[in-house]
Amino acid sequence: QELWSIFLSFAGLCAYSASQMTQEFSFTEVVPDDSYLIDVTGALENYASETIFSPSCYFRNVDQSNTTIQDQMVHYVDQMVAMEYISRPPNHFWVDDFRAFVNSSDIEDELFEAQMDAFLSNDVYFDLYREKIDRDESGRVIMSRVALFMDKVNEKDVNEQVDVLMEQREISLSQPVNQGADEFAFFTYEDAYNIWEFYAVAVDELILTTVIGIVVMSGIALFFVPHWTAVLFVFPTVSLLYVDLLGILQWGNVHINAVMYVCLVISIGLLVDFVLHMTIRYYECEGNRREKTIKMLETMGVSILVGGISTFLGTLPLAFSTSSIFYTVFLSFLALVVTGIGHSLVLLPVVLSTVGPEDEVPHSSNLSMSFRDTTARSMLADES
């Protein structure tokens with residue numbers, strides 16, 4: 001009972017610790033500690049006047065010569081600029097400059113294509129917008145864009161980045177031209193959106209993957225272990241192991257990111273190995289609970305211990321890496337091995353020796369002898 005209390009109390013502490021886990025990722029984690037990129041990144045944070053996030057507003061699949069559409073384009077940019085994460089309007093927006101150019105020139109009555117030709121014939125405007133306005137052979141604008149500066153986004157605050165992603169998406173959804181469209185006509189894009197999207201779904205996906213993984217592994221135990229009661233030991237033990245793993249990692253100041261996501265998913269299969277092998281061996285042994293548990297530890301217990309130690313030694317070189325991300329992988333496997341060995345060689349044997357089933361399962365050798373005996377008796381009966 002004291003051992004049970006210790007493990008359950010530890011699980012409670014780990015569960016609380018796991019609830020405090022956060023998402024965080026820094027580019028500097030993937031480079032060596034002595035890399036010059038760390039100094040460059042620090043200098044940019046301290047001295048750069050503009051943020052590294054510069055999404056562009058894109059406009060496509062609409063008639064951009066239509067003044068109503070142009071008004072909507074300007075309104076869309078104004079809504080984006082009104083976000084608290086953007087402090088100023090774009091330096092140059094072709095619609096504003098184009099309208100000012102047309103109003104100041106004697107070409108108001110000409111077709112849009114001719115007006116655009118005259119606009120882009122100006123060297124200043126040509127240099128500004130030649131890569132921001134795409135036209136077809138007839139001179140019609142098929143796509144254009146304008147760059148924004150998200151200078152108020154905290155590069156280290158994942159929750160804020162997810163909020164930015166969702167807010168700009170809501171603004172895009174609210175545009176009349178996007179209503180009911182298969183593809184957005186007005187939208188923004190920034191390379192960082194890809195990682196922000198990962199942060200937005202990572203926690204939910206990790207929870208779903210974990211639940212599915214543990215349930216599937218428990219289902220395998222239900223069908224492949226010699227007795228259905230095995231699932232009653234496999235499912236709670238693996239669940240407890242996973243909670244302990246998360247709690248320990250949080251104590252180690254590990255955050256959820258792309259690398260940690262992969263490590264946690266892989267850990268499900270490795271943790272199941274510790275528990276399932278011991279459970280199968282228990283059900284294969286004969287005798288009462290105590291005898292079955294002793295035989296389990298004498299046989300499979302040694303293999304589990306050796307397997308855990310070899311896994312630890314295999315990842316030990318990562319502990320000396322000068323890259324934070326590789327050291328995080330080492331911490332993950334260290335916590336996995338320690339918790340896996342502790343639960344499979346200490347907690348699980350105590351549980352099985354206390355409440356494990358005692359019904360005996362015939363060994364394959366016994367089944368073979370029984371088959372041979374039956375065959376021999378049949379041959380003797382035929383001869384007689």
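Three helices, α1, α8 (192–224) and α9, each supply at least two residues of the lining of the second largest pocket. This pocket belongs to a predicted model, and the space within the pocket amounts to about 280 Å³. Its lining is made up of 15 residues, among which Leu206, Ile207, Thr210, Tyr242 and Leu246 lie nearest the centre of the pocket. Helix α8 gives the largest share of that lining, with seven residues. When the lining of the second largest pocket is divided by class, 12 residues are nonpolar and three are polar, while no charged residue takes part.

Rolling a probe the size of a water molecule over the atoms shows where empty space is left. In this model, a search of the whole structure finds one cavity of 30 Å³ or more, and the volume of the largest cavity is about 50 Å³. The elements that contribute two or more residues to its lining are α9 (231–251), α10 (258–284) and α12 (324–355). The lining consists of Leu245, Leu249, Met260, Cys263, Leu264, Ser267, Leu270, Ser332, Phe333 and Leu336. Of the contributing elements, α10 provides the largest share, five residues. By class, the lining of the largest cavity holds eight nonpolar and two polar residues, and no charged ones.

**Helix packing**

| Helix pair | Crossing angle | Axis distance |
|---|---|---|
| α1 (residues 2–19) and α12 | about 135° | 11 Å apart |
| α3 (residues 67–81) and α7 (residues 158–173) | roughly 155° | within 10 Å |
| α7 and α8 | roughly 105° | within 9 Å |

How do α1 and α12 lie against each other? Their axes are 11 Å apart and the helices pack at an angle of about 135°, which makes α1 oblique to α12. The crossing in which α1 passes α12 is left-handed. On the α1 side, the contact is made by Leu3, Trp4 and Phe7, which meet Gly342, His343, Val346, Leu347, Val350, Val351 and Thr354 of α12. This contact of α1 with α12 comprises seven nonpolar and three polar residues, with no charged residue among them.

For α3 and α7, the axes cross at roughly 155°, and because angles over 145 degrees count as roughly antiparallel, the two helices are described as roughly antiparallel to each other. Here the crossing of α3 past α7 is right-handed. The residues that meet are Tyr76, Gln79 and Met80 in α3 and Gln168, Ile171 and Ser172 in α7. Sorted by class, the contact of α3 with α7 has three nonpolar and three polar residues, and no charged ones.

Helix α7 also packs against α8, where the axes come within 9 Å and cross at roughly 105°, an arrangement that makes α7 roughly perpendicular to α8. From α7, the residues Val158, Gln161, Val162, Val164, Leu165, Met166, Gln168 and Arg169 meet Tyr193, Trp196, Glu197, Tyr199 and Ala200 of α8. What classes of residue make up the contact of α7 with α8? The contact has nine nonpolar, two polar and two charged residues.

Definitions and conventions:
Residues are numbered from 1 along each chain as its sequence is written. This is a predicted model: local features need pLDDT of at least 70, side-chain atom pairs count only at pLDDT 80 or more; totals for chains, interfaces and linings use all residues. Side-chain values use heavy atoms; hydrogens and water are left out. On a 1 Å grid over the protein atoms alone, a cavity is a set of points where a 1.4 Å probe fits but cannot get out, and a pocket is an open set with protein on both sides within 12 Å along at least five of seven lines; lining residues have an atom within 4 Å of a point. Grid points are joined across faces, edges and corners, and a volume is the space filled by probe spheres set on the points. Helices (H or I, at least four residues) and strands (E, at least two) are DSSP runs, numbered from the N terminus. Ala, Val, Leu, Ile, Met, Phe, Trp, Tyr, Cys and Pro count as nonpolar, Asp, Glu, Lys and Arg as charged, and the others, Gly among them, as polar. Axes are lines fitted to C-alpha atoms, for helices over the stretch in contact, and angles run from 0 to 180 degrees between N-to-C directions. Angles under 35 degrees count as roughly parallel, over 145 as roughly antiparallel, 65 to 115 as roughly perpendicular and the rest as oblique. A crossing is left-handed if the near helix is turned anticlockwise from the far one by less than a right angle, and right-handed if clockwise. Contact means heavy atoms within 4.5 Å.
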